[in-house]
Structure formats: C-alpha cells, structure tokens
Amino acid sequence: MRSVVFVEKIELDFSGNIFANALVLGDVDNDSLHELMVGSVDGELWIYKGDNTVPFATASNLGMIVCTEIADVCNTNKNVAVVLCADGLCYLYAIDKQSFADRQPQEGKQAESAPNTSDGQGAEETPQETRKPLALTPFHTQHLPANSKVVLVADIDNDGQLELVIGYTDRVVQAYRWQDKTMLPEEAEGSGEKGFVLLQRWNVDGQVGSLSLSKDTDGSPMLVVSQPGCNYAELKCSWVMQQGAEDDNPEDQSCSAISKDPYVSMHLITFLRARHADVSTEIVAGLSKGEKEGGEDIEPEPDRIAMCTLDGTLMLIEKDKSLWSRLVDHQLFALTKLDIMCDGWDEVVACAWDGQTYIIDHTQQSIRFHLKENVCAFTAGLYSTNGKNTPCLVYATFNNKIYIYWNVQLPRIRSANLIHVASANEELQERLDKLGIKSEDEKRELFKRLIYGGSKKSMDKTEGIS
C-alpha cells in the first residue's frame, strides 16, 4: 500500500475534548463556501472559516455537545447549524453571509484601536486574538430525549423534505420533522411557533454505530444504521409502508433477519467472518459511482455501502454481497466518503485512533496517510480556502489541536504505469509518432535511456531518437 504525504494544512487550537461526531464540514452561512464547525464537551461551539485560525463565530454554555450537523433541517432552502447535547437539548443556529460581511469592517476598526505587540526585535504586529468572534444566539431550542450519539439530516421518505434522525446510546433511533407549531398537537415540545415533531421510533438489536442514507434497488431512499460485527439494519418508515406495504421487494432475504421491531430489517453481512461479533461498526452509504451515460430513462443502479469496525475490518458491499474486504492492524473509529480525485467517484476514507488514515477506491486500490498524533475526532469533505471548495481531511487530536489538510486532491490512487501515462498524453504521443516510436518495447527502451542512462548497445539502438 502506497503512503502519501499532505503538506498544505491549517493548524487550529482548541480547549477541552471533542466527541467523534461533533466535527462537521458544511456551508453554514449559505455563501456556497464550506466551513468547519466543532463542538466540545465543555459546551463550546466554534465555527472556522477560510484560513483564519480564529473562529468566525462561537457559542458558549450549551452543555456537553455530542454531535453536530449542518443542513437545511427546517426545509427553507437555507442551511442551519444543528447542535445536540447529552442532556437532550437541541440548538438551531442561523447564520447568513451578511453576518460575515458586517463583521469585516468591525474587525478593521478593532485592529486599529487594539494595542500592537512586539515580537522582541522592534517589529510590531496585530495579534489575531484581537478579532472578536461573532456571538451566536439560537433561534430555536427544544428538549429532545437525552443520550444522543449520532445525527443525520436526510430525506428518508422521498417526499422532498428533510427529516432529522437521531441515534441514541440505548439502541433507539428516532426521526423528527420540522413543522409549524400551529400544525402540531398540543403536547408537542418546542419553543416559539415552530418545532420538531416525532415521526417514528425504532428499536434495534445492537448498539447504534452510525446512520447513513442508502437507496433501494428501485432508487427509493433507505435509512441504514450500523450494527456490531460489521452488520447493519434497515429502518423502514411506517407511514410509507402503510401506503404500499404490498410492494415490498423480497429479494436477498437470505441476508436479512427478523428483528423485534417490525419496521427494522437486519442485514447480517459478516456474521461468520467478523473477528468479534460485538465490535462497534461504522457505516457510510450512497457512494457516488460517477456520472451516468445515456438517456434519462436509466434503471437505478444498486447502491454501495462501506463499513468498518474498531478491530480493523474494512468492507465494501453491494446488494449485501461483499465486493472486497480488508483487515488492517489499526482500530478504525471513523468512516466517511470523499471524492478525492474529483472524478465523480467517491473513495472510502477510514481513520484510526493513532492517526492512520486509509483511502480506498471501488476497485480496492488504496493509499494511506499517517498523522503522527492520536486522534479523537475525524471527518473528510469539502472546505473553502482562497474562495474555492477543495477536498480536505480534518483531525482533532488529544493534544488540543485541529489540523485541516486542505486541497488533498490526488490525480490517481492506482500505481501509475509510465507507458500508459505517456500513451494518454496526446502531445507526447504525437512526438513519439514523429520519431517512429510506436511499440511498448521501443517506448520502454527510450524511457529507460532517458531516466537511467543505458548501455552503449541500447544507446546505439536509439541513436536516431534524439
């Protein structure tokens, strides 16, 4: 497996500890540029923008933040920040790009009035700490059940509206929908005129690892939750099944098992091959497989799902059949997807506690990157620096540091063959044709001579090339 080194990074300081699901990337201020949002166990929320090492916006005294999300959870075509705490409090923050625009002139005035510091050599500089972050105020606060672990905002019933799905530490998953207070029953919780209403509650057999949105063979959305032992459960919406229960697809029932909850379908993938049956598992679904060619009437393709376990199992499946699996000697605690080559195909990105990161494509070609610090939280996605969203890797360490490795785009993951690369280069191919070099043996001999030098015999054979 090849190792890569990324050097373009932003280093941030923070205090306290961070849960694994309290680190998220997204466009929180709706300016089409992605930011980083971090929540700590001490109730501190930070939002970082661009290459600034000082937070753009902050909030304090929220409680123990366990998970965060950036999405259009209110279905208003505007992203908001969703913060969930261990005691069940859910905070929603709305930030628009005008807030950042109004803050810039204020920073200039503060910098002029702030005292300058000396670096010891007579030079004066204005510290970044003089820039006061924007203080956030939630526009909605609601008390939901406590002990949340993971959050997902997605359209789980294919109605064009996003729902809030929360997984809890007591093996429960609940789905909520944002609605006007006037449309909710009197006993519904929430402050103000709007709030979340409970849609459904699922009880799964094993501990909830992570949530993701997949798609069924007919293209309809399928909510999945990871289960111990590199398995997963499919959570079905009761209101959707009641409308068309007779249309259920019995295909691949051999991989499914009956659960206590009639709306939970267990998919036992590696019950015979898992190292430990009770090991925690992470899941990510909906891996993009590039742009489709042809007309509009294309049959839906089966979705691909990636899973990893804390004991080092990494797997890619399609229709509950393993496409490939790999065992590593690291404890994989975080799993996500990222189009690191920007070719329309999502790669699987898994991170271990010791900073070892694996990036694997659909054909099992892989590379690895090692952050030489222990990691408490990890995510991957798009982050904006210099006014452009680029693929990035984000690590929060136990040493109170956050590293944003930005612009980690790679030209390829597969090991390159110089002959094939040269053949794909039109300009180089034209020059080789003019020299009469067409066969692979002739190209190989030429490259060998140019790179390593060659014997007098080989140089005589290519005398006319130069």
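I take buried to mean under 20% relative accessible area, exposed over 50%, and partly exposed in between, with a 1.4 Å probe and protein chains only. By that scale I find Tyr 452 exposed, because its relative accessible area is 70%.

The model is predicted, so I keep to local features with pLDDT of at least 70 and to side-chain atom pairs at pLDDT 80 or more, while totals for chains, interfaces and linings use all residues. Residues are numbered from 1 along each chain as its sequence is written, and side-chain values use heavy atoms, with hydrogens and water left out.

**Entry: the whole chain**

I looked up the overall figures and noted six helices and 33 strands, these being DSSP runs numbered from the N terminus (helices H or I, at least four residues; strands E, at least two). Of the 466 residues, 48% count as buried, and the accessible surface comes to about 23,400 Å², with 47% of it belonging to carbon and sulfur atoms; such areas come from the Shrake-Rupley method with a 1.4 Å probe, and for residues only the protein chains shown count as cover. Among contacts (heavy atoms within 4.5 Å) between residues at least 6 apart in sequence, I noted that 54% join residues at least 24 apart.

**Entry: helix 5 and the nonpolar patch**

I then turned to helix 5, residues 440–452, where Tyr 452 is found. Helix 5 has 13 residues and reaches 17 Å from its first C-alpha to its last, close to the 18 Å expected, where the expected span is 1.5 Å times one less than the number of residues. Its buried residues are Lys 443, Leu 446 and Phe 447. They lie on the same side of helix 5, because they cover an arc of only 95° around the axis, the arc being that of the directions from the helix axis to the C-beta atoms. These buried residues pack against helix 3 (418–424) and helix 4 (426–434), whereas Asp 441 and Tyr 452 are exposed on the other side of helix 5. Just after helix 5, I noted that Gly 453 takes a positive phi of about 80°.

On the surface, Leu 418, Leu 450, Ile 451 and Tyr 452 form a nonpolar patch with about 500 Å² of accessible area together. Patches are made of residues with over 30% relative accessible area and no salt bridge, like charges being joined within 9 Å and nonpolar side chains (Val, Leu, Ile, Met, Phe, Trp, Tyr) within 5 Å. Helix 5 gives the most to this patch, with three residues.

**Entry: salt bridges**

I searched the whole structure and found 12 salt bridges, each a side-chain nitrogen of Lys or Arg within 4 Å of a carboxyl oxygen of Asp or Glu. In one of them the side chains of Glu 11 and Lys 401 meet at 3.0 Å, N to O. That pair links distant parts of the chain, with Glu 11 in strand 2 (residues 9–13) and Lys 401 in strand 33 (residues 401–406), 390 residues apart.

Lys 49 meets Asp 29 in a salt bridge of 2.7 Å, N to O, and both Lys 49 and Asp 29 are buried. Lys 49 also forms a salt bridge with Asp 31, the closest N and O atoms being 2.6 Å apart. Lys 49 lies in the loop between strand 5 and strand 6 and Asp 31 in the loop between strand 3 and strand 4, so this pair ties together parts that are 18 residues apart in sequence. I noted, too, that Asp 29, Asp 31, Glu 35 and Lys 49 are linked in a network of salt bridges.
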